[in-house]
Amino acid sequence: QVQLLESGGGLVQAGGSLKLSCAASGSMHSSNSMGWYRQAPGKQRELVASTATGGTTNYADSVKGRFTISRDNAKNTVYLQMNSLKPEDTAVYYCNYKGPLGLVVRRYDYWGQGTQVTVSS
């Protein structure tokens, strides 16, 4: 089991910044991916950004150049720095853990409880 504890959401004006944090605890795999998804009202949950233990990162096209994902492996924590926020970034942001990576019989998938990000225009 892996537990994910998120923090850092809130209300910000358009053009502002927020930083989300997600601390993982429990039985983590040596190869894993941690990332952020978001879900706006009436929309499907979508990937925002992810980072793997090997250093690979992925970003949604809509956040490239504005958001930066990073991780501190010593602290088992992943961060999402969000700059130049837009009203359309408003959503509940969920931390996600996937592991192990590669060709495996089973991959485990865990979610945080979600944190609200609201960007006012």
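Predicted model: local features only at pLDDT ≥ 70, side-chain atom pairs only at ≥ 80, totals over all residues.
With a relative accessibility of 40%, S84 counts as partly exposed.

A second residue of this kind is N76, which is found in the loop between β7 and β8 and has a positive phi of about 50° although it, too, is not a glycine. The relative accessibility of N76 is 30%, so N76 counts as partly exposed.

Which strand has six of its seven residues buried? That strand is β4, and because six of its seven residues are buried, β4 is largely enclosed by the rest of the structure.

Strand β4 pairs with strand β5, which covers residues 46-52, in the antiparallel sense over six bridges, and within this pairing S50 in β5 is the bridge partner of G35. The two strands β4 and β5 form a hairpin with six residues between them, and G42, which sits in the turn, has a positive phi of about 80°. Strand β4 also pairs with β9, again in the antiparallel sense, over seven bridges, and here M34 stands opposite Y97 in β9.

## Aromatic rings

The structure holds three aromatic pairs. In one of them, the rings of Y37 and W111 have their centres 5.0 Å apart while their planes meet at 70°, and because an angle over 60 degrees counts as edge-to-face, this pair is edge-to-face. The pair links distant parts of the chain, since Y37 belongs to strand β4 (residues 33-39) and W111 to strand β10 (residues 108-111), with 74 residues from one to the other. Y37 is buried, with a relative accessible area of 17%, whereas W111 is partly exposed, with a relative accessible area of 35%.

Y108 and Y110 form an aromatic pair with another geometry, for their centres are 6.4 Å apart and there are 5° between their planes, an arrangement described as stacked. Y108 is partly exposed at a relative accessible area of 28%, while Y110 is buried at 15%. These two residues, together with Y97, form one aromatic cluster.

## Charges over ring faces

Charged side chains also lie over aromatic rings in this model, and one of them is R45, which lies over the face of W111 at 4.6 Å from the ring centre.

## Salt bridges

Side chains of opposite charge can pair when their charged atoms come close. How many salt bridges does the structure hold? The count comes to five salt bridges, and one of these joins R38 to E46, the closest N and O atoms being 2.8 Å apart. R38 is buried, with a relative accessible area of 6%, whereas E46 counts as partly exposed at 35% relative accessibility.

The side chains of D61 and K64 meet in another salt bridge, at 3.1 Å from N to O, and D61 is exposed, with a relative accessible area of 64%. A further salt bridge is the one in which the side chains of D89 and R66 meet at 2.8 Å, N to O. This pair links distant parts of the chain, 23 residues apart, because D89 is in the loop between β8 (77-82) and β9 (91-99), and R66 is in the loop between β6 (57-59) and β7 (67-72). Both D89 and R66 are buried, and a network of salt bridges links R38, E46, R66 and D89.

Is T115, which has a relative accessibility of 12%, buried or exposed? T115 counts as buried, because 12% is under the 20% limit for a buried residue. The place of T115 is in strand β11, which covers residues 115-120.

The side chain of T115 reaches the backbone nitrogen of G9 at 3.3 Å. When residues up to four places away in sequence are not counted, T115 touches E6, G9, L20, W36, A91, V92 and Y93.

Notes
Residues numbered from 1 in each chain as written. Heavy atoms only, no water. Phe/Tyr/Trp six-rings, centres within 6.5 Å; stacked < 30°, edge-to-face > 60°. Helix = DSSP H or I, 4+ residues; strand = E, 2+ residues; numbered from the N terminus. Buried < 20%, exposed > 50% of the residue type's maximum accessible area, 1.4 Å probe, protein only. Lys NZ or Arg CZ within 6 Å of the ring centre and 35° of its normal. Polar contact = N/O pair within 3.5 Å; in protein donor to acceptor, adjacent residues only side chain to side chain. Contact = heavy atoms within 4.5 Å. Salt bridge = Lys/Arg side-chain N within 4 Å of Asp/Glu carboxyl O. Pairing = 2+ DSSP bridges.
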